[in-house]
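Please keep the structure in view while reading.

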Amino acid sequence: AFPKDQNEMPGEKPYSDATSEAMDEEARNIVDEAYKQTVALITEKKDQVELLANLLREKETITHDDVVDAIGERPFKGHSVYNEFVSHRAGHVAKAKASKEAEKEKTEEKNEDAGNDGLTPGLAL
């Protein structure tokens, strides 16, 4: 954003020390507020956190579906592509649905071929 001066020492900032301190203070405030919100959320959801901690002790690795089974669905809906990606069940459901549709199309094609015999119904004399 700022033109580089070839005579400038490397590491020099294009802003003052006061601006640097203001930026540091703002970053510190953002991190502190996020920390407070995180602690409050963990405290509020302590039972669910303990359930997941115990599940992790048992299994060591858990999936999205394990989390849903333990504490329920998310309070808000995610994008369908994301949900399909993280859920093994959703992936299996999508594959099963596609497989059923393909099987249905094959069955319909076979029925059309079997009943046709090359003649159009109603035109044979």
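In this predicted model, the backbone nitrogen of Thr63 lies 2.9 Å from a polar atom of the side chain of Asp66. Asp66 itself is found in helix α3; helices (H or I, at least four residues) and strands (E, at least two) are DSSP runs, numbered from the N terminus. With a relative accessibility of 15%, Asp66 counts as buried, where buried means under 20% relative accessible area, exposed over 50% and partly exposed in between (1.4 Å probe, protein chains only). Leaving out residues up to four places away in sequence, Asp66 touches Leu55, Lys59 and Thr61; contact means heavy atoms within 4.5 Å.

Some notes on the numbers are needed here. Residues are numbered from 1 along each chain as its sequence is written, and side-chain values use heavy atoms, with hydrogens and water left out. Because the model is predicted, local features need pLDDT of at least 70 and side-chain atom pairs count only at pLDDT 80 or more, while totals for chains, interfaces and linings use all residues.

The protein chain as a whole has 5 helices and 0 strands. Of its 125 residues, 6% count as buried.

Two packed helices are described by the angle between their axes and the distance between the axes. For helix α2 (residues 46–59) and helix α3 (residues 64–71), the angle is about 135° and the axes are 10 Å apart. Axes are lines fitted to C-alpha atoms, for helices over the stretch in contact, and angles run from 0 to 180 degrees between N-to-C directions. The helices α2 and α3 are therefore oblique to each other; angles under 35 degrees count as roughly parallel, over 145 as roughly antiparallel, 65 to 115 as roughly perpendicular and the rest as oblique.

On the α2 side of this packing stand Gln48, Leu51, Leu52, Leu55 and Lys59, which meet Asp66, Val67, Ala70 and Ile71 in α3. Sorted by class, this contact has 6 nonpolar, 1 polar and 2 charged residues. Here Ala, Val, Leu, Ile, Met, Phe, Trp, Tyr, Cys and Pro count as nonpolar, Asp, Glu, Lys and Arg as charged, and the others, Gly among them, as polar.

The loop between α2 and α3 holds Glu60. Phi of Glu60 is near 70°, a positive value in a residue other than glycine. Glu60 is exposed, with a relative accessible area of 69%.

Further along, Ser87 lies in the loop between α4 (80–86) and α5 (88–116). Ser87 counts as buried at 10% relative accessibility. Leaving aside neighbours within four places in sequence, Ser87 is in contact with His64 and Asp65.

Technical notes
A polar contact is a pair of N or O atoms within 3.5 Å; within protein, one must be able to donate a hydrogen and the other to accept it, and residues adjacent in sequence count only if both atoms are side-chain atoms.
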